[in-house]
Amino acid sequence: MKKARDVVVKTKQIVKKHKADKSSLIAVLQDIQEAFNYLPKEALKTAAKALNLPFSRMYEAATFYTAFSLKPRGENIVKVCTGTACHVRGASALQDKFERTLCIKPGEMTPDGKFSLETVNCVGACALGPVVVINAEYHGQMTMNKVDKIIDKIKQGGAQ
Ligand code: FES
């Protein structure tokens, strides 16, 4: 977890990059989420002040888009696609497998802050289903065996 001061400094840099332009609100939120993996309250407050917007406006935008998270997320974000094409190819069983392997449910983070598990509805790679996206990397034709290998590799600090 980042210290509040670090969050404020980084957020100010992000707003500055967008020239404190109110119309860049969504881009600012995207950059904040990229920096911290979620939208810390301190960052929203800082950005609202720097953009000269009411906090309620920031909060409204942050909660409107499902891509934004107000809850802390792990260093590694596992997204299991549960869209129709992936569902018929076994996404539910894969979701179960990730839940058992990580000992968390979708929307939760492991106690060590290493992983978050989420479900998403179609990531636009249906032909590769079932698909799991880990951080920005797509893993197509995912199997139960691959789950353990990928998680072990990340735990050992290797690339996915
Ligand atoms: S349904 Fe999973 S990628 Fe489209």
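1. E75 sits in the loop that links helix 4 to strand 1 (76-81). Helices (H or I, at least four residues) and strands (E, at least two) are DSSP runs, numbered from the N terminus. The model is predicted: local features need pLDDT of at least 70, side-chain atom pairs count only at pLDDT 80 or more, and totals for chains, interfaces and linings use all residues. Residue numbers start from 1 along each chain as its sequence is written.

2. A residue is buried if 20 or more other C-beta atoms lie within 10 Å of its own, exposed if 12 or fewer, and partly exposed in between; C-beta atoms are placed from the backbone.

3. E75 touches G113 and K114, leaving aside residues up to four places away in sequence. Contact requires that the C-beta atoms of two residues, placed from the backbone, lie within 7 Å. The C-alpha atoms of E75 and G113 are 6.4 Å apart, while 38 residues separate the pair in sequence.

4. Now the whole chain. The protein chain has seven helices and four strands. Their order along the sequence is α-α-α-α-β-α-α-β-β-β-α. The C-alpha trace spans about 50 × 30 × 25 Å along its principal axes. Of the 160 residues, 29% count as buried. Among contacts between residues at least 6 apart in sequence, 58% join residues at least 24 apart.

5. The domain assignment gives domain 1 (4-64) and domain 2 (76-155). Such bounds come from an automatic or database domain assignment. The centres of domain 1 and domain 2, taken over C-alpha atoms, are 29 Å apart.

6. Which residues of helix 3 (residues 41-51) are buried? They are A43, L44, T46, A47 and A48. Their cover includes helix 1 (4-17), helix 2 (25-36) and helix 4 (55-64). After helix 3 comes N52, with a positive phi near 60°.

7. Next, the helix pairs. The axes of helix 2 and helix 3 come within 11 Å and cross at roughly 150°. Axes are lines fitted to C-alpha atoms, for helices over the stretch in contact, and angles run from 0 to 180 degrees between N-to-C directions. Helix 2 and helix 3 are therefore roughly antiparallel to each other. Angles under 35 degrees count as roughly parallel, over 145 as roughly antiparallel, 65 to 115 as roughly perpendicular and the rest as oblique.

8. Helix 2 passes helix 3 in a right-handed crossing. A crossing is right-handed if the near helix is turned clockwise from the far one by less than a right angle, and left-handed if anticlockwise. L25, V28, I32 and F36 of helix 2 meet A43, A47 and L51 of helix 3. The residues of this contact divide into seven nonpolar, no polar and no charged. Ala, Val, Leu, Ile, Met, Phe, Trp, Tyr, Cys and Pro count as nonpolar, Asp, Glu, Lys and Arg as charged, and the others, Gly among them, as polar.

9. For helix 3 and helix 4, the axes come within 8 Å and cross at roughly 125°. That makes helix 3 oblique to helix 4. The crossing of helix 3 past helix 4 is right-handed. L44, K45, A47 and A48 of helix 3 make the contact with F55, M58, Y59 and A62 of helix 4. Here the residues divide into seven nonpolar, no polar and one charged.
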